[in-house]
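Subject: Structure for you to look at

Dear colleague,

Here is the structure I said I would pass on.

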Amino acid sequence: MLSKISQHPICARTVGLAGGLEAIDVATGVSLARTKDHPANRALGSVGEVGSWQSLLALSVTVLACGKATGDRRLAETGGNMLAAGIAASIVKTTIKRTVHRTRPNVLMDEGRYARGRPGTGIGPWQSFPSGHAALSFALARSVARTYPGLAAAASLAAAGVAAIQVVRGAHFPLDVLAGAAIGVGAEALTHRTLRSKPDDAGHDPSVS
């Protein structure tokens, strides 16, 4: 269960949560989310939902369908890569969330509760680690950059923006989004390598050239 924390100013009580990196992470997350209830941050939170699995699944399928419909092989490849990388990232982040639990910053700030450890849970307020929005956003951003190098900077910036919003809105601590980003990048690299290892329709192995 989530443990109660003594009723002191939040920034002060984070010091007693744990030593080292975790304490810094919690204190930083709370500091960055101090205006989470401001209307502007609430609006940002809505924008950040473009990084949800529903939105990114729809985007991936749309890109793939448009590529197929127009005969644009490069676009279709991008959509397929986005879909594969997104699914892989989602599986990894969900597995971790179900293995460990960590209180979200907004729970700590609003209720004075914080805990982390095993086992995981399917309950949202306990699923701060890792950030699914960051994982999926970076998986798709890397997929886009893979086939459209000219869009690499814009895609990475968009993914970083989605990840940053999760911190300022109090949904995740900084290390949660960094872990999510790493999962996304790793998932894309793995699925790209797997897809490239499969022969194409003509029986040619694209990994051999």
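Arg102 and Asp176 are both buried. Please keep in mind that this is a predicted model. The two residues form a salt bridge, with 3.0 Å between the closest N and O atoms. This pair links distant parts of the chain, since Arg102 sits in strand β2 (residues 101-102) and Asp176 in helix α9, 74 residues apart. Asp25 joins Arg102 and Asp176 in a network of salt bridges.

Seven salt bridges turn up in a search of the whole structure. Another of them pairs Arg146 with Glu188, the closest N and O atoms being 2.7 Å apart. Arg146 belongs to helix α7 (residues 132-147) and Glu188 to helix α9, so this pair ties together parts that are 42 residues apart in sequence. Glu188 is buried, at 2% relative accessibility, whereas Arg146 is partly exposed at 32%. A salt bridge also joins the side chains of Lys36 and Asp37 (3.2 Å, N to O). Here Lys36 is buried, with a relative accessible area of 8%, and Asp37 is partly exposed at 45%.

Helix α9 (residues 174-196) also packs with helix α5 (residues 73-99): their axes come within 8 Å and cross at roughly 130°. That angle makes α5 oblique to α9, and the crossing is right-handed. The contact residues include Ala84, Ala85, Ala88 and Ala89 in α5, and Gly184, Ala187 and Glu188 in α9. By type, the residues of this contact are nine nonpolar, three polar and two charged.

Regards

Key. Residues are numbered from 1 along each chain as its sequence is written. This is a predicted model: local features need pLDDT of at least 70, side-chain atom pairs count only at pLDDT 80 or more; totals for chains, interfaces and linings use all residues. Side-chain values use heavy atoms; hydrogens and water are left out. Axes are lines fitted to C-alpha atoms, for helices over the stretch in contact, and angles run from 0 to 180 degrees between N-to-C directions. Helices (H or I, at least four residues) and strands (E, at least two) are DSSP runs, numbered from the N terminus. Angles under 35 degrees count as roughly parallel, over 145 as roughly antiparallel, 65 to 115 as roughly perpendicular and the rest as oblique. A crossing is left-handed if the near helix is turned anticlockwise from the far one by less than a right angle, and right-handed if clockwise. Contact means heavy atoms within 4.5 Å. Ala, Val, Leu, Ile, Met, Phe, Trp, Tyr, Cys and Pro count as nonpolar, Asp, Glu, Lys and Arg as charged, and the others, Gly among them, as polar. A salt bridge is a side-chain nitrogen of Lys or Arg within 4 Å of a carboxyl oxygen of Asp or Glu. Buried means under 20% relative accessible area, exposed over 50%, partly exposed in between (1.4 Å probe, protein chains only).
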